[in-house]
Structure formats: C-alpha cells, structure tokens
Amino acid sequence: MNIAFNEITETIRMVQMENLDIRTVTIGISLRDCADPNIDKLKENVYNKITTYAKDLTTVAEQVEKEYGVPIINKRISITPVSEILGNATVAEAVEVAKSLDQAAKDLGVDFIGGYSALTHKGVTKGDQTLIDSLPEALSVTERVCGSVSVATTRTGINMDVVKQMGHVISDAAERTKDQNGIACAKLVIFSNPVEDNPFMAGAFHGTGEGEAVLNVGVSGPGVVLSALKRYPEADLGEVSDVIKNTVFKITRAGELVGRQVAERIGVPFGILDLSLAPTNALNDSVARILEEIGLERVGTHGTIAALALMNDAVKKGGAMASSYVGGLSGAFIPVSEDEGMIEGVTEGSLSLSKLEAMTCVCSVGLDMIALTGDASPATLSGIIADEAAIGMINKKTTAVRVIPVPGREEGEMIEFGGLLGRAPVMGVNPYSSEGFVNRGGRIPAPLQALIN
C-alpha cells in the first residue's frame with residue numbers, strides 16, 4: 001500500500017483528537033481437525049492449536065500499535081463453531097471445553113475468544129443441542145468465552161424451536177450471574193444470517209468456508225466521522241454522505257495497513273476489514289451523536305432511521321473504495337450500553353426498544369447490549385429474538401440479539417457492566433405475552449427472497 005504523507009498526518013490527528021482506533025485484530029482458527037471422542041484429548045488438541053497459531057498475536061499487535069501510533073484496543077480469537085467438534089460429548093464435557101478455551105485466552109493475553117457456537121437455522125445436531133444446553137453454565141463459569149447461535153437465514157427461514165430454547169438460555173444465564181447484573185448474557189448473541197468472518201464479539205466464529213487461519217480486522221471511528229461532519233454544518237444531505245464516505249475511506253486505509261502488518265508478522269493470511277462504526281463510552285465517540293449532528297435533536301426522534309440509513313450506506317461506499325477486502329458486518333453498531341449518546345436517548349425518553357428494533361432494518365447488527373427488566377419472561381425474550389430474526393431474514397441481512405435481563409432490576413435503573421461493555425439504562429418490555437406464538441414451534445418457512453437462483 002502506498003501511503004501519502006498527508007494521509008499519515010491526518011491519521012495522527014484522528015488518533016490524538018478524534019478517538020480513532022483499531023477496535024480489534026481477530027485471528028480466526030479452524031478446529032475441525034481437533035475433534036476426538038476422548039474429551040481430554042479433544043481439549044488438549046484445541047488448547048494446543050489455539051496457543052500455537054495465536055502465540056504471538058498480543059505481542060505483535062502491541063509492537064505494531066507502537067510503531068504506527070494507532071491504538072489496537074482488543075486482541076481476539078475466533079474459532080470453528082464448537083458444536084461441530086463435540087460429537088457425543090455430554091453437557092458437562094462441553095463446559096470443560098469452554099473452560100479450556102477460557103484458559104487458552106488467558107494464557108495468550110487476548111480479550112475474548114468467540115466461537116462457542118452452533119448453527120441451527122435449519123436443524124439441530126447432537127453437538128448443537130449439547131452446546132445449547134451447556135451455554136448458561138459455560139458462559140457463567142468463564143470470563144473470556146463468547147457464544148452465539150444461528151436461528152435463521154434468508155435461505156432456510158426461522159427455526160422457532162431453537163428460538164424458544166434461546167429464551168430459556170438467556171433467562172438461565174442471567175440468573176446464574178445475577179450478582180453481576182446478568183453479565184453472562186453480554187457474551188451471547190443470537191443470529192439471523194450470520195457471517196463467517198466477523199471479527200467483533202460476542203458473535204465471532206471461524207466459518208466453514210474459511211481457511212486454516214486468518215487475520216481479520218475491525219476498525220472503529222465514530223468520533224472521526226462526527227468531527228468531520230462538524231466542519232460542514234451547512235452541508236445538504238448529499239454532501240453529508242460525501243463527507244462520511246471520504247472520512248471512512250481514510251479510516252479504512254489506516255485499518256488495512258495495520259491489519260496487514262499484524263497478519264504478516266504472525267504468519268497468517270490477511271482476511272477482511274470490517275468497517276463497522278463501533279462506539280465507546282468516550283465523549284463524542286458515538287453513532288448517536290453522528291445522527292444528531294446530521295440534524296436530529298435527539299436520537300430516536302422521527303427521521304432517525306433515514307439518517308441512519310444515509311450514514312450506513314455512506315460508510316459502506318467509502319470503505320469499499322478504499323479496500324478490496326471489506327467483509328464481516330461492515331455498517332454501524334448501535335449497542336446501547338457502549339454508546340453514550342444512545343444511553344442519553346433512552347434516559348431522556350427519545351429512544352425506545354421499538355425504535356431500536358426499527359433501526360436494525362437499515363444498520364448492522366441488531367438489538368445489542370440492551371438491559372431489560374428482570375421480569376422479562378423466556379417467551380418474551382424468544383419473541384424479541386423472532387422479531388429480529390424476521391427482519392434479517394426478509395431483508396437478506398445480518399441481524400442479532402444481545403439482550404441482558406437483569407434479575408431484580410426495574411425499568412429506568414442504571415446498570416454498570418464495566419470496561420468496553422459500559423453501562424445501560426434498564427428498558428421495559430411489552431407486558432403482553434408471546435407465549436402462544438412461541439410455543440407453536442416448528443419452522444417459519446423461508447421467504448420468497450430465498451428463491452434467487
């Protein structure tokens with residue numbers, strides 16, 4: 001890559017003044033050759049392979065960070081969905097595998113390891129069911145393991161039997177970690193149309209179409225986009241789109257340069273660069289503040305979805321011009337607990353759960369890091385999952401649910417999760433039941449959009 005001097009100086013300004021960072025470098029590792037009917041041998045195979053391929057990830061990322069002056073916030077690992085290697089393992093044995101993953105992550109100094117996952121959008125194998133049954137305990141007794149379950153795709157429809165199960169899994173995981181405000185649920189994502197090369201947690205896994213190992217990068221930069229827009233207060237909406245495109249082009253160039261350096265030095269291929277604007281609790285490092293800069297008095301008011309659609313489209317266009325290897329989710333995250341503008345929108349009453357759900361029609365990824373009242377029933381949680389899965393299925397896009405029912409807490413209370421997970425105001429759910437719908441089970445058939453051949 002030929003980097004011009006003015007690009008270097010602009011990047012320095014972005015880092016020092018506008019919260020630019022590389023949100024994550026994530027090494028994906030295939031575990032398909034680690035399966036073994038002896039659980040102790042399986043655990044040994046998994047631990048050895050992960051710690052071999054990722055042994056230098058943290059050290060190299062820190063070196064590159066110092067050399068290029070661009071912060072790399074997280075070092076992460078994604079792995080083959082664990083359900084695919086469990087075979088006839090019991091639930092207790094699956095939990096032991098999760099503990100081995102957690103130990104590997106700790107020994108390597110990485111922040112999270114994703115892929116304690118199952119792909120069940122059309123059916124459930126023995127390994128899938130074992131993993132689903134183990135999720136509440138596995139996520140409760142580990143610190144860095146993240147899990148996900150795919151319940152729907154455009155091509156298959158929605159597996160409502162698993163959707164029903166996941167409502168109970170979330171409730172159980174919340175109860176097991178009630179002394180930590182249900183934190184286990186912050187490590188669990190339920191997907192529609194998941195992608196195989198997502199570097200972001202908690203939903204990352206190394207898909208079956210991927211190679212032996214690969215390095216994927218997730219950039220950030222809401223603060224950079226916001227700062228750029230502030231310089232054009234009179235721009236019309238077409239010009240706003242151009243400002244965002246030009247800014248994301250620069251962010252993408254910096255991210256790919258850093259990612260390729262890390263990949264080369266740890267000896268694995270460079271995979272993709274995920275363009276998703278990922279907010280933090282830092283002041284003005286917020287997707288909500290970008291939407292307000294475009295002209296909304298407060299995020300959640302009328303016009304929010306249109307502004308979000310404009311921003312998301314411009315992000316994709318700018319990134320696609322900067323790199324030939326854009327992948328992952330690439331859009332904008334709207335995690336309530338991790339975006340200070342979203343938090344303010346909820347606390348001031350402009351942003352509701354229904355509006356957040358509507359926003360997911362035009363952005364990635366879904367209902368993310370939302371604290372719910374502790375009395376949200378498993379059927380209600382399943383109904384929320386089903387709605388979000390339907391949005392993804394019909395619109396041929398990735399959507400997801402990462403919600404945290406907080407035991408004993410009521411609407412309006414503020415919950416502290418800490419670190420990047422931030423804090424969240426507890427949101428209420430619709431008081432009417434979804435139980436009759438959820439209990440019907442079966443599969444919601446694939447939509448007409450599936451017939452694309």
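Modeller: Phenylalanine 200 and phenylalanine 333 are both buried, the term standing for under 20% relative accessible area, with exposed for over 50% and partly exposed in between (1.4 Å probe, protein chains only). The model is predicted: local features need pLDDT of at least 70, side-chain atom pairs count only at pLDDT 80 or more, and totals for chains, interfaces and linings use all residues. Residues are numbered from 1 along each chain as its sequence is written, and side-chain values use heavy atoms, with hydrogens and water left out.

Rings of Phe, Tyr and Trp (its six-membered ring) pair if their centres lie within 6.5 Å; planes under 30 degrees apart are stacked, over 60 edge-to-face and the rest tilted. By this rule there is one aromatic pair. The ring centres of phenylalanine 200 and phenylalanine 333 are 4.9 Å apart and the planes stand at 80°, so the pair is edge-to-face. It links distant parts of the chain, 133 residues apart: phenylalanine 200 lies in the loop between β6 (188–192) and β7 (213–219), and phenylalanine 333 in the loop between α10 (304–322) and α11 (340–347). Helices (H or I, at least four residues) and strands (E, at least two) are DSSP runs, numbered from the N terminus.

Turning to the helices, α5 (residues 126–141) and α6 (residues 160–176) pack at an angle of about 20°, their axes 8 Å apart. That makes α5 roughly parallel to α6, a term for angles under 35 degrees, with over 145 roughly antiparallel, 65 to 115 roughly perpendicular and the rest oblique.

Note on methods: Axes are lines fitted to C-alpha atoms, for helices over the stretch in contact, and angles run from 0 to 180 degrees between N-to-C directions.
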